[in-house]
Amino acid sequence: MTEQAIILDEGQRLLVEKTIREVCQLRRWEIHAINVRSNHVHIVLSAELSLEQVLSQLKAWCSRRLSEQIGLLADEDSRNGRKRWWTEHGSTKWINDENYLQNAIRYVNDRQ
């Protein structure tokens with residue numbers, strides 16, 4: 001890690017969820033379940049892109065909104081604040097059957 005781990009506060013968690021919902025609506029991706037935690041996010045969604053593209057877009061949008069929220073709007077400002085909000089990658093899994101989908105939704109909604 002290049003920076004200390006971050007713990008999202010309630011306002012940041014709400015902003016991340018709102019941003020993910022907006023991006024999914026804009027891209028016409030279907031959200032099946034979402035749970036924004038203090039130090040990670042679980043989301044089950046359907047999209048026509050690769051897992052890596054979806055993850056990259058969601059992280060970029062959320063990073064931009066979080067930086068805006070704390071006043072880091074310009075590139076030069078980022079030198080004085082947080083440069084990275086997320087890890088380099090993330091855990092992604094293909095869901096190929098209805099049973100697996102329902103289990104993933106239950107996990108995200110109920111087992112956090």
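These are my notebook entries on a predicted model of one protein chain.

**Ground rules.** I number residues from 1 along each chain as its sequence is written. Since the model is predicted, local features need pLDDT of at least 70 and side-chain atom pairs count only at pLDDT 80 or more, while totals for chains, interfaces and linings use all residues; side-chain values use heavy atoms, with hydrogens and water left out.

**Layout.** I looked up the elements. The chain has three helices and two strands. I take these as DSSP runs, helices being H or I of at least four residues and strands E of at least two, numbered from the N terminus. From the N terminus on, the order is α-β-β-α-α.

**Burial and surface.** I call a residue buried under 20% relative accessible area, exposed over 50%, and partly exposed in between (1.4 Å probe, protein chains only). Of the 112 residues, 26% count as buried. The chain exposes about 7,800 Å², and carbon and sulfur atoms supply 47% of it. These areas come from the Shrake-Rupley method with a 1.4 Å probe; for residues, only the protein chains shown count as cover.

**Cores.** Which residues have the most contacts inside the largest nonpolar core? They are Leu8, Val16, Ile20, Trp29, Leu58, Leu66 and Trp86, in a core of 15 residues. Such a core is a set of buried Ala, Val, Leu, Ile, Met, Phe, Trp, Tyr and Cys residues joined through side-chain atoms within 4.5 Å. At least two of its residues come from each of α1 (10-27), β1 (30-36) and α2 (51-69). α1 gives the most, with five residues. Apart from this core lies another, of six residues, among them Ala33, Val44, Ile105 and Val108.

**Trp86.** I listed its contacts, meaning heavy atoms within 4.5 Å. Leaving aside neighbours within four places in sequence, Trp86 meets Leu8, Val16, Val41, Lys59, Cys62, Ser63 and Leu66.

**Helix α1.** I checked the length. At 1.5 Å a residue, its 18 residues should span 26 Å, and the end C-alpha atoms are 26 Å apart, which agrees. The expected span is 1.5 Å times one less than the number of residues. Its buried residues are Gln12, Leu15, Val16, Thr19, Ile20, Val23 and Cys24. Seen down the axis, they fall within an arc of 160 degrees, so they line one face of α1. I take the arc from the directions from the helix axis to the C-beta atoms. The buried residues pack against β1, β2 (41-46) and α2. The face turned away carries the exposed residues Leu14 and Gln25. At the start of α1, a side-chain oxygen of Asp9 reaches to within 3.1 Å of the backbone nitrogen of Gly11. After α1 comes Arg28, with a positive phi near 65 degrees.

**Helix α3.** I repeated the check on residues 98-110. The 13 residues of α3 should span 18 Å at 1.5 Å a residue; the end C-alpha atoms are 18 Å apart, which agrees. Leu101, Ala104, Ile105 and Val108 are its buried residues. They cover an arc of only 100 degrees around the axis, which puts them on the same side of α3. Their cover includes β1 and β2. On the other side of α3, Asn99 and Asp110 are exposed. Asp97 caps the N-terminal end of α3, with a side-chain oxygen 3.1 Å from the backbone nitrogen of Asn99.

**Ser67.** Is Ser67 buried or exposed? Ser67 is buried, with a relative accessible area of 11%. It lies in helix α2.

Technical notes: A polar contact is a pair of N or O atoms within 3.5 Å; within protein, one must be able to donate a hydrogen and the other to accept it, and residues adjacent in sequence count only if both atoms are side-chain atoms.
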